[in-house]
Amino acid sequence: MDVEKVFHMTGGVGVTSYAQNSSLQKKASDKVKHITLDTIQELYRTTTPKSLGIADLGCSSGRNTLSIVRDLVDIIVGTSRRIMQTTAPPEFRVYLNDLPTNDFNTIFKALPDFYRELRRVTSCESTPSPSIYIAGYPGTFYGRLFPDKCLHFIYSSNSLHWLSKVPPALYNKQGRSINKGCIYLSKSSPQMVSQAYFEQFQEDFHLFLRSRSEELVTGGRMVLIMLGRRDLDHFDRGNAFLWELLTRSFKILVSQGEVEEDKFDAYDVHFYAPSKDELEDEVRREGSFEMNRIEMFEIDKEVGEGTSYGTAVATAVRAIQESMLCHHFGEEILDNLFEHYGRLVDEEMAIEEIRPITLLVVLSKL
């Protein structure tokens, strides 16, 4: 399966869209938003560019996309006026990147209202509102996207745990998965499965860092937020366990004859949750960045009234995985699959809390 051609968050603004089911991702980015804003503020104060290049890699669509842009612009405008006391804030060049199949149209349709609101909140008698130029930049971030040294700040939230492809080493010479009966790493997976995922992560993250090092100016910053894990153990009661519950949901459908077993065995996810040590090692090995900060955190499990945590997780995962699942299995299985999944998450939460980990990394270009 060609991930670049198939994978995307569910578009539009419907009931199952990513725009309506990304509150958990927003909680993660909001929890460390102060670090994101402090980072770009420090960058601006030390470099004072007249034109500030910002890229959001893996921007998706929906309210989260433009929300972070508004926050970044607001902190810089405020800094230029209150602290730097400049006559005018810098102009902003904002590049929104995701795979070509992303729903960029939903973002573009929201831009007129976004520009009007931004002008309203940033207007000031003494200095003009900033000039802001926003563009979509489709393509994989595992490779070059932008011209040399055109960016000052790169932001990526809830994207870098997605690999460029399902690790080829998961398949034997006959093209069959060696991770039979699982869609991701589990306790029953052979050791070579975890090695295949780890090596794919190493290859992808190294290419990501090398590509960004050529696009950032010296002293430029990156804030990267991604799902991770606590230690070297690949299987904990966190992100890997949530994939284990989706595996169990599939097995229910297989037992009921709704999904063919061979088709289930042929499905593997292009996901990897790195540990802090693995991220630090790759940054050190690539050599273009200094690691300023790395933090591990959990998000609040509270969800909307009348909605269980299992339902919230199920709708979020569906909005993320729907494109891949429809391509492989067809859309007719989705309702039953995620009904089982939400129930299993709630049942496991009643036994012992599931604690997915998120990692924050702040890097400076050397």
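So, S60: leaving aside residues up to four places away in sequence, it touches M9, Y18, T65, D98, N102 and I107. Bear in mind as we go that this is a predicted model. Where does S60 sit? It's in the loop between β1, residues 51–57, and α4, residues 63–82. Buried or exposed? With a relative accessible area of 4%, S60 falls under the 20% cut-off, so it counts as buried.

The backbone at S60 is worth a look too. Most residues other than glycine have a negative phi. S60 isn't a glycine, and yet its phi is positive, about 55 degrees.

There's another residue like that, N158. Its phi is near 60 degrees, again a positive value in a residue other than glycine. N158 is in a loop as well, the one between β4, which is 151–157, and α6, which is 191–215. And how accessible is N158? Its relative accessible area is 14%, so it is buried.

Let me go back towards S60 by way of T65. T65 is on the contact list of S60, and T65 is also touched by L96.

You'll find it in strand β2, residues 91–98. At 1% relative accessibility, L96 counts as buried.

For contrast, here's a residue with some accessibility, D231. It's found in the loop between β5, residues 216–228, and α7. Relative accessibility is 42% for D231, which lies between the 20% and 50% cut-offs, so D231 counts as partly exposed.

Start with α7 and α10. α7 is residues 239–255 and α10 is residues 309–329, and they pack at an angle of about 55 degrees with their axes 13 Å apart. That makes α7 oblique to α10. The crossing of the two is right-handed. On the α7 side you have L242, W243, L246 and F250, and they meet V313, V317, Q321, L325 and F329 in α10. By class, that contact is 8 nonpolar residues, 1 polar and no charged ones.

Now α7 against α11. Here the axes come within 9 Å and cross at roughly 130 degrees. So α7 is oblique to α11, and it passes α11 in a right-handed crossing. From α7, the contact takes in F241, L242, L245, L246, R248, S249, F250, I252 and L253. Across from them in α11 are N336, L337, F338, H340, Y341, R343, L344, V345 and E348. What classes are these residues? They divide into 12 nonpolar, 3 polar and 3 charged.

And the remaining pair, α10 with α11, where α11 is residues 334–351. Their axes come within 9 Å and cross at roughly 145 degrees. In α10 the contact residues are Y309, G310, T311, V313, A314, V317, R318, E322, L325 and C326. They meet L334, D335, L337, F338, Y341, G342, V345, D346 and M349 in α11. The class count there is 12 nonpolar, 3 polar and 4 charged.

Let me finish by zooming out. The chain comes to 11 helices and 7 strands. Its C-alpha atoms fill a box of roughly 70 × 45 × 35 Å along the principal axes. For 366 residues, a compact globule would have a radius of gyration near 21 Å, and the chain has 21 Å, so the two agree. Of those 366 residues, 58% count as buried. And if you take contacts with a separation of 6 or more, residues 24 or more positions apart account for 84% of them.

Terms used:
Residues are numbered from 1 along each chain as its sequence is written. This is a predicted model: local features need pLDDT of at least 70, side-chain atom pairs count only at pLDDT 80 or more; totals for chains, interfaces and linings use all residues. Side-chain values use heavy atoms; hydrogens and water are left out. Axes are lines fitted to C-alpha atoms, for helices over the stretch in contact, and angles run from 0 to 180 degrees between N-to-C directions. Helices (H or I, at least four residues) and strands (E, at least two) are DSSP runs, numbered from the N terminus. Angles under 35 degrees count as roughly parallel, over 145 as roughly antiparallel, 65 to 115 as roughly perpendicular and the rest as oblique. A crossing is left-handed if the near helix is turned anticlockwise from the far one by less than a right angle, and right-handed if clockwise. Contact means heavy atoms within 4.5 Å. Ala, Val, Leu, Ile, Met, Phe, Trp, Tyr, Cys and Pro count as nonpolar, Asp, Glu, Lys and Arg as charged, and the others, Gly among them, as polar. The radius of gyration is taken over C-alpha atoms; the globule rule is 2.2 Å times the number of residues to the power 0.38. Buried means under 20% relative accessible area, exposed over 50%, partly exposed in between (1.4 Å probe, protein chains only).
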